[in-house]
Amino acid sequence: MKLPIFDYYEMLGREEKKAFRMEVCRRCNIEAHQFYRRMRTESWSKLEERELERILSDREYANGEARLNSDSL
């Protein structure tokens, strides 16, 4: 399953990136270095993917570019 989080993250401004990263780390219970590694390698667990989708939805970031690819569900 591919989550285009990296592309989405790159479109954010500096402060938005920081806020998004902090929220993901808090809600997925991961450290910043784990966040960056998962973004780079797209190695999110199923639970983390679900939480990322919730985060995007909660923050009203869930546009067409930041949603899970429904073909792979």
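Buried means under 20% relative accessible area, exposed over 50%, and partly exposed in between (1.4 Å probe, protein chains only). Helices are DSSP runs of H or I with at least four residues, numbered from the N terminus. The model is predicted: local features need pLDDT of at least 70, side-chain atom pairs count only at pLDDT 80 or more, and totals for chains, interfaces and linings use all residues. Residues are numbered from 1 along each chain as its sequence is written, and side-chain values use heavy atoms, with hydrogens and water left out.

Q: Which residues of α4 are buried?
A: They are E48, E49, E51, L52, I55 and L56.

Q: What puts these residues on the same side of α4?
A: They cover an arc of only 165° around the axis (taken from the directions from the helix axis to the C-beta atoms), so they lie on the same side of α4. The face turned away from that buried side carries the exposed residues K46, L47 and D58.

Q: What do the buried residues of α4 pack against?
A: They pack against α1 (5-11), α2 (14-28) and α3 (32-41). Contact here means heavy atoms within 4.5 Å.

Q: Why is C25 called buried?
A: Its relative accessible area is 12%. The cut-off is under 20%, so C25 is buried.

Methods. Helices (H or I, at least four residues) and strands (E, at least two) are DSSP runs, numbered from the N terminus.
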